[in-house]
Amino acid sequence: MSRRLWTAVGGALLALSLAACSGEGAGGSADRSKEKPSDLTIGVSMPTQTSERWIADGKSVKEKLEQKGYKVDLQYAGDDIPTQSQQVDQMITRGADVLIIAAIDGTALSSQLQTAANAKIPVIAYDRLIRDSPNVDFYVSFDNYKVGVAQATALLVGLGLQNKDGSKGTEAGPFNIELFAGSLDDNNAHFFFNGAMDTLKPFLDAGSLVVKSRQTRIEQVAILRWQQETAQKRMEDLLTSSYNDKSRVDGVLSPYDGLSRGIITALQNAGYGTGANKMPVVTGQDAEIASVKLINDGIQSSTIFKDTRLLAEQAVIAAEAFLTGKSAEPNDTKTYNNGVKVVPSYLLPVQTVYKDDIKPALIDSGYWTAEEVSTGRAKS
């Protein structure tokens, strides 16, 4: 058995007894600069393959690491917390030198991270912050509060209350809107929602926006595991309970394209998008190809583009820094407190994509092809 494997196994066996020794995080002394990349393994844990976004993330991270010669242990957890915990345990036992983890539940991996810390394995939280553990060495993500701001702004622009340049729009309202949020166990969902609500609050206070269901707290509007079917069911329930008086929904704040498609299905089944009953303004996130087609077809209003290729690149840069005994370089050291410490972070910018932005932002950049946008299907 290799020295790395012995170290990892020892860390796993001693995790409980050494818990008090773990406060410094995992990456301090993991200098492997004298080892060849082909002798090093990066464990990459992704939450699910039900979202094309996470498939793209896993593929990008794996390809970029392999291009540099590293071995990659990429695992998808099927949105099942015990499965992800077991997969991370196995990565440690098999001697991973760095872990890159997009957590399903940001609070569910403390014991695994403790074992990683004991084995001196640096941990990089990928897009979803891992909470309640001192053993998170770095966080790569997008500016998630600004994602929420951008989504709310896109809703305002779609309704005509505001122009793209931030100036006052030509419409005054009042408009009926409904709110959706992501899974409560995903730290990002709270940042998205807070950014959106801070942006919408002046319009809600002025009465130009009205949440007819009165469901405005994140606990009321959150969708567990970001499931499309759950979002569709909630939208159906809202239409039945709050819009049975022939009033109409004018806009829906949706934080993710998968939820948006469920919401749109419920609206279409209720007759929206036919004749004079136009489709409400529906926002989104992740520029998933099925939703990009809906935007191109005038059905979904917008999405927030987060270029996962750049995110994967930052994860690789951070991993290489740790492998050479250095610290990854953050551009944010204040925002992301995981409940135990502020995790040094590298945050990337985001871009709002309306129909007119599809070609310059997504096609010209090579993220999607014109054919993929036309068909709504990604090439394998």
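**Pocket.** I looked up the largest pocket and found 22 lining residues, with Ala56, Lys59, Ser60, Tyr367 and Trp368 nearest its centre. A pocket here is an open set of points on a 1 Å grid over the protein atoms alone, where a 1.4 Å probe fits, with protein on both sides within 12 Å along at least five of seven lines; lining residues have an atom within 4 Å of a point. The model is predicted: local features need pLDDT of at least 70, side-chain atom pairs count only at pLDDT 80 or more, and totals for chains, interfaces and linings use all residues. Residues are numbered from 1 along each chain as its sequence is written, and side-chain values use heavy atoms, with hydrogens and water left out.

I noted which elements give two or more residues to this lining: α2 and α11. The largest share, nine residues, comes from α2. Helices (H or I, at least four residues) and strands (E, at least two) are DSSP runs, numbered from the N terminus. I sorted the lining residues into six nonpolar, six polar and 10 charged. Ala, Val, Leu, Ile, Met, Phe, Trp, Tyr, Cys and Pro count as nonpolar, Asp, Glu, Lys and Arg as charged, and the others, Gly among them, as polar.

**Core.** Next I checked the largest nonpolar core, which has 29 residues; Leu65, Ile100, Ile124 and Tyr126 have the most contacts inside it. Such a core is a set of buried Ala, Val, Leu, Ile, Met, Phe, Trp, Tyr and Cys residues joined through side-chain atoms within 4.5 Å. Buried means under 20% relative accessible area with a 1.4 Å probe, protein chains only. The helix α11 (308-323) gives this core the most, nine residues. I then listed contacts (heavy atoms within 4.5 Å) of Leu65. Leaving out residues up to four places away in sequence, Leu65 touches Ile42, Val44, Tyr70, Val72, Ile100 and Val316. Apart from this core lies another, of 25 residues, including Trp226 and Ile304.

**Leu40.** I found Leu40 in the loop between α1 (3-13) and β1 (41-46). Is Leu40 buried or exposed? Leu40 is buried, at a relative accessible area of 2%. Beyond four places away in sequence, the residues Leu40 touches include Arg32, Tyr70, Asp97 and Leu323.

**Whole protein.** I counted 13 helices and 12 strands. Buried residues make up 54% of the 380. The C-alpha atoms fill a box of roughly 70 × 40 × 35 Å along the principal axes. Among contacts between residues at least 6 apart in sequence, 72% join residues at least 24 apart.

How values were computed: Buried means under 20% relative accessible area, exposed over 50%, partly exposed in between (1.4 Å probe, protein chains only).
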